[in-house]
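The structure is shown first.

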Amino acid sequence: RKVEEENEKKYARKDIPGPLQGSGQDMVSILQLVQNLMHGEEEEETSQSYRLQNVGEQGHMALLGHSLAAYISVLDRERLRKLTTRILSDTTLWLCRLFRYENGSAYYHEDDREGLLKICRLVIHTRYEDYTLEGFNVLYTKQPVIYISSAARAGLGQALCNQLGLPLSCMCRVPCNTMFGSQHQMDVALLDRLIKDDVEFGKLPLLLVANAGTPGAGHTDKLGRLKELCEQHKMWLHVEGVNLATLALGYVSSSVLAATKCDSMTLTLGSWLGLPAVPAVTLYRHEDPSLSLAAGLTSSQPVEKLRALPLWLSLQYLGHDGIVERIKHASQLSQRLLENLKNLDFIKTSVEDELSSPVVVFKFFQEYSNRDQTSHAAQASTIQHPIISNEGHIYDTFNQWLGEQLAQLVPASGVDVVELEDEGTCVRFSPLMTSAVLGTEIQDIDHLVDCLKMKIPVLTSTLQLREEFEQEVRRTVSLLYIEDLGWPGLGVVRYNYHSDEKNDDKQEKELEKINTELLKKLNELESDLTFSLGPEFGGQKNCVYIGMVTEDLDVSELVETIAATGREIEENSRLLENMTEVVRKGIQEAQLQLQKANEERLLEEGLLRQIPVVGSVLNWFSPFQASPKGRTFNLTAGSLESTESMYVSKAQGTGSTPPPTPTSSLAKQRLPGQKAFKRSLRSSDGFSETSSISHCDDLDKLDQRPPNLSPGQEQGPLEMERAEEQKEVVQAKTDTEDIHSDQSPPDCTKAEEQASQR
């Protein structure tokens, strides 16, 4: 037994994780571990500290509530029951008064979808009396239907069906308006028709989920008409959305005020007030407490009621004025941004109410007619349709880039990118969801507008030059234009490598090598452009991606530089390949010639000289002198030459120099201090250059004029012939003088040698 116990202890110790082994750790080491896990790497400390600074004292009160809940849970049962009942009743009463929801009950939950899930179970228990006894058999005989808007949160309907155990056929998505009203509001007439059709098929309309502020654009459904429709068909109306926060203000729009008549609503106070780790609240009205208990909206456990403790502490700390001030500040931020956006060109806004809209959605948009409509008017309709259809994808890409740039430049603004069904990709500013946490101020909005003003000219210039760049690339033989609608920039180009190789893998590697070297060369140029390999996922291979540009870009110079650089890289690559082949053939030829020379040397020396002892004696009596014969390979000419001249002159010939590397002609005309691919101002500089060139031409003409001709007199045909004859005579004389001058030094040296011999 002792041996077995020892083996069990050894086996158990191996299975226990490292931090749990031994007698435990002290408090300091555990807190140090938590601190390291919270802050992470050193480069992440700045962003984490920025978030922690905006917690504030009200945030500390919410965090304190979680600690107090743990301490309160150890009280005796009677005292715990009284305390939790007081906390729950106070918090519910305060929230109902703040958000104008009279005679309501509250359910506190961590997941914001959990409240709607409990409401669905409550409605099922209410409409199906035998559901507690028979369960799903009751639902099978009369299938329930839950209606949600097509503008609701993504995945909401599927999550409800999964948690309730219902098939997806029980979920009905109601389209939004297409002809009249907001395109983000639920179509009430179509909803009425869908409900009647479901009733005819023997289904039971159960619940309708409406929005007081859609997740995308922040629009509010027609809650008054929807409430009448729900009363007509005995349906439950549940409302959720960010605009419910405005119910706490003094002035509330009539569309949002109708939410106070609904059967239930979900409030997310944590994001509205900047309170961390506080639960969401679902307010509802129901008369039967037993059904609420069966649905899970109420609990008999006192510990469950302590979820309201963080809100109970935070609401008392903020007070009514503090709560209203935070929500009002968020509304003022959205109004400030909306007023500034109205004065900007090429910016299109999408708001429900310009006077009081807590969510601002905008996008960059330039009318197609303003961008060279005349150039496309003569084209056929079959060509225009692809251009117009691709325009939406291009704007989505540009607005995606704009939203990411604004979020990076002004992180305190809290802007993000949202995908809307009709408008496409837009930039959204929802201060009710972000301002309290990020601490957004009016100065941040002004900074956001300034950054937007800086980005609009870049977007317009890139959009206008994008088509010109495509045309220039298509006209260039060695370049291939790659159409990538998902790239926010001037365009995508690939150097088209032509090769006779039939091996596709080798050609692909050579293409990758050339375009990679081309990208490296372009990045070495002094320019404001950004060249890259494109996005990490989903991009084209072996391409050069060009980013955003400004209006002073010279597209023709850019395309010519890319083509010239690519040709230079290709020529160097081919030169290296040809040189390798030439050297290989030259070595083989040199080996054959040296072998032949050795055979000839053997014939000249004779057979006796090859015998070891006899050959040495014979060479001593009759030495055989043979000039050394070698071979040299000229890399420039690619020819094999003899080394006899080298031994005679005691020096190696230099050979011809290689031709210069071709460069772009436009790059040589760049002014001092001017960056690449920039259009130069041709007003004053162009005049000075042309005047200096014309003056030099005049001087050359004066030098070529005969001396007996006056400046104002023109040359006739006879005078021109005489001038040509004189030029030929002078040239002949100079040639003969050069020949004599070249021959004189050898004669002098011969005379000196003869004198020295004498």
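A charge sits over a ring if NZ of Lys or CZ of Arg is within 6 Å of the ring centre and within 35 degrees of the ring normal. In this predicted model, Lys-348 lies over the face of Phe-365, at 5.6 Å from the ring centre. Arg-285 places its charged end over the ring of Tyr-101, 3.8 Å from the centre of that ring.

**Aromatic pairs**

Six aromatic pairs are found in a search of the whole structure. A pair of aromatic rings is described by the distance of the centres and the angle of the planes. Two of the pairs are set out below.

| Pair | Centre to centre | Angle between planes | Class |
|---|---|---|---|
| Phe-364 and Tyr-395 | 6.0 Å | 50° | tilted |
| Phe-469 and Tyr-481 | 6.2 Å | 65° | edge-to-face |

The angle of 50° between the planes of Phe-364 and Tyr-395 makes this pair tilted, since only planes over 60 degrees apart count as edge-to-face and those under 30 as stacked. Phe-364 belongs to strand β9 (residues 360-364) and Tyr-395 to helix α18 (residues 381-409), so their contact ties together parts that are 31 residues apart in sequence. Phe-364 counts as buried because its relative accessibility is 0%. Tyr-395 has a relative accessible area of 3% and is buried as well. Ring pairs also join Phe-364 and Tyr-395 with Phe-346 and Phe-365 in a cluster. Phe-365 of this cluster is the residue whose face lies under Lys-348.

Phe-469 and Tyr-481 are both buried.

**Helix α20**

Helix α20 covers residues 442-475, 34 residues in number. From its first C-alpha to its last, α20 reaches 50 Å, close to the 50 Å expected at 1.5 Å a residue. The helix has a kink of about 30°, centred on Arg-466.

**The sheet containing β12**

Strand β12 is part of an open sheet of four strands in the order β12-β13-β15-β14, with antiparallel pairing. β12 and β14 (531-532) are at the edges with a single partner strand each, so one side of each has no neighbour in the sheet. Strands β13 (residues 491-495) and β15 (residues 544-546) run antiparallel and are joined by three bridges. Val-493 has Val-544 in β15 as its bridge partner.

Note on methods: Residues numbered from 1 in each chain as written. Predicted model: local features only at pLDDT ≥ 70, side-chain atom pairs only at ≥ 80, totals over all residues. Heavy atoms only, no water. Helix = DSSP H or I, 4+ residues; strand = E, 2+ residues; numbered from the N terminus. Expected span 1.5 Å × (residues − 1). Bend = angle between axes of the 7 residues up to and from the residue. Phe/Tyr/Trp six-rings, centres within 6.5 Å; stacked < 30°, edge-to-face > 60°. Buried < 20%, exposed > 50% of the residue type's maximum accessible area, 1.4 Å probe, protein only. Pairing = 2+ DSSP bridges.
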